[in-house]
Amino acid sequence: MTEFCCPNCKQALNIRQAYYTCEPCRIDYRQYVGIPNFKQQELYPGEWKLLEEFEQKYSQASFIELMEYMDSIPKKNVLPCELRRHQRFAELNEEDKRQYLANYTKETIVKPGKLQLEITQFLINKAGYRLRGGRCLDIGCGRGPWAVTAVDLFDEIFALDVDMASLILAKKYCQENDISNIQFLSATASALPFSGDYFELINSQAVLEHVDDQARTLKEIKRVLQPGGCFTGDSINRYNLFTPEPHIELRLIGFLPKNLAHKLSLWLRKLPYDDIKPLSYNELRLLLRQAFDDHFKIVPLSESPDNSLTYKVMRRLPAKLLNLFTHTHYIIALKNNR
Ligand SMILES: C[S@@+](CC[C@H](N)C(=O)[O-])C[C@H]1O[C@@H](n2cnc3c(N)ncnc32)[C@H](O)[C@@H]1O
Ligand SMILES: [Zn+2]
């Protein structure tokens with residue numbers, strides 16, 4: 001018996017060597033470098049084979065070597081949301097590549113992790129929530145910025161992503177930095193491999209616009225939260241008037257029909273856009289209501305801790321307009337005790 005359950009039937013799993021097994025579903029979930037993989041299908045053809053290669057490299061390579069190796073795989077094996085980084089990496093000359101790798105952990109793990117944790121703390125203070133520091137889950141953890149920064153606040157952290165390659169990298173980072181209480185796992189956010197009432201806090205930042213099924217994801221989050229537990233997250237705004245869309249750096253793209261936005265992105269940025277689904281304020285509110293009834297707040301940006309010029313300008317807008325046209329919505333939701 002393990003702490004995980006089957007993402008399909010939610011029954012307990014047995015563990016046998018490198019596999020978690022669901023007897024009722026007759027499915028074996030394999031682990032890679034000790035990270036269970038609860039997906040049944042590859043994200044792209046050849047994913048399992050590539051993961052075996054990463055697994056073989058894992059013990060010998062450093063974090064940076066492993067990342068360089070992963071960033072050099074063929075484009076056909078790169079997830080749509082990782083393409084932009086992959087594309088930029090390929091365009092760097094040798095000197096810039098060296099610089100990028102040297103600054104990588106500072107710029108893409110330490111700095112964003114600190115900012116994301118500040119946002120979580122800001123949101124829980126806003127809701128008057130008192131953190132006990134029990135067990136938490138970071139959904140769509142990527143290469144782990146939030147989880148590795150939050151590590152001292154919790155007894156136990158689970159960090160989940162659909163992309164196993166990112167998790168292997170995040171695990172290597174932890175190993176090199178003596179972080180031992182994060183359990184990584186690969187699964188989709190819309191089918192979480194945990195029984196109900198499991199986590200005190202769930203965080204998910206820069207993820208909701210990526211997930212396959214946003215409504216199911218929010219319901220799954222509510223299901224696995226303990227009664228009285230809380231969810232902190234964000235969601236980029238489709239109708240953003242202020243900043244370029246963060247994935248493709250095109251302004252006002254959300255005002256176009258989705259298929260046109262995708263075509264324009266392919267043409268101007270050589271990047272797909274049909275995998276990103278930014279929600280409007282009203283769409284987000286509806287989905288949160290379906291999952292959490294009235295126990296949530298979409299927090300106006302003007303109250304966020306960020307102090308850059310864009311935020312200063314936006315702070316002058318009335319809250320209603322800001323909610324409609326801001327670039328990001330912050331979310332705090334609670335699972336009530338009943
Ligand atoms: C923009 S990245 C953000 C990563 C991390 N939260 C951060 O802020 O650095 C989006 C992440 O969501 C993950 N993701 C996309 N769809 C997902 C899903 N259905 N379930 C879990 N993770 C998902 C991607 O693999 C990627 O790591
Ligand atoms: Zn099952």
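Biologist: Is the crossing of α7 and α9 left-handed or right-handed?
Modeller: In this predicted model, α7 passes α9 in a right-handed crossing.

Biologist: And what angle do they pack at?
Modeller: About 35°, with the axes of α7 (residues 214–224) and α9 (residues 281–292) 9 Å apart.

Biologist: Which residues make that contact?
Modeller: On α7 you've got Q214, A215, L218, K219 and K222. From α9 come L287, L288, Q290, A291 and F292. By class, that's six nonpolar, two polar and two charged residues.

Biologist: OK, switching to the sheet. What's the strand order?
Modeller: β7-β6-β5-β8-β9-β11-β10, an open sheet of seven strands with mixed pairing.

Biologist: Why is one side of β7 and of β10 left without a neighbour?
Modeller: Both stand at the edges, β7 at 182–186 and β10 at 296–299, and each has a single partner strand, so one side of each has no neighbour in the sheet.

Biologist: How much twist from one strand to the next?
Modeller: It averages 15°.

Biologist: In what sense do β8 and β9 pair?
Modeller: Parallel, over five bridges, with β8 at residues 199–204 and β9 at 225–236. N203 has T232 of β9 as its bridge partner.

Biologist: Which strands does α4 touch?
Modeller: Helix α4 (residues 94–126) packs on the sheet against β8, β9, β10 and β11, and its direction makes about 50° with that of β11. Helix α6 (residues 164–176) touches β6 and β7, at about 165° to the direction of β7.

How values were computed
Residues are numbered from 1 along each chain as its sequence is written. Chains are lettered from A and ligands numbered from 1 in the order in which they are written. This is a predicted model: local features need pLDDT of at least 70, side-chain atom pairs count only at pLDDT 80 or more; totals for chains, interfaces and linings use all residues. Two strands pair if DSSP finds at least two bridges between them. Helices (H or I, at least four residues) and strands (E, at least two) are DSSP runs, numbered from the N terminus. Axes are lines fitted to C-alpha atoms, for helices over the stretch in contact, and angles run from 0 to 180 degrees between N-to-C directions. Two residues are in contact if their C-beta atoms, placed from the backbone, lie within 7 Å. A crossing is left-handed if the near helix is turned anticlockwise from the far one by less than a right angle, and right-handed if clockwise. Ala, Val, Leu, Ile, Met, Phe, Trp, Tyr, Cys and Pro count as nonpolar, Asp, Glu, Lys and Arg as charged, and the others, Gly among them, as polar.
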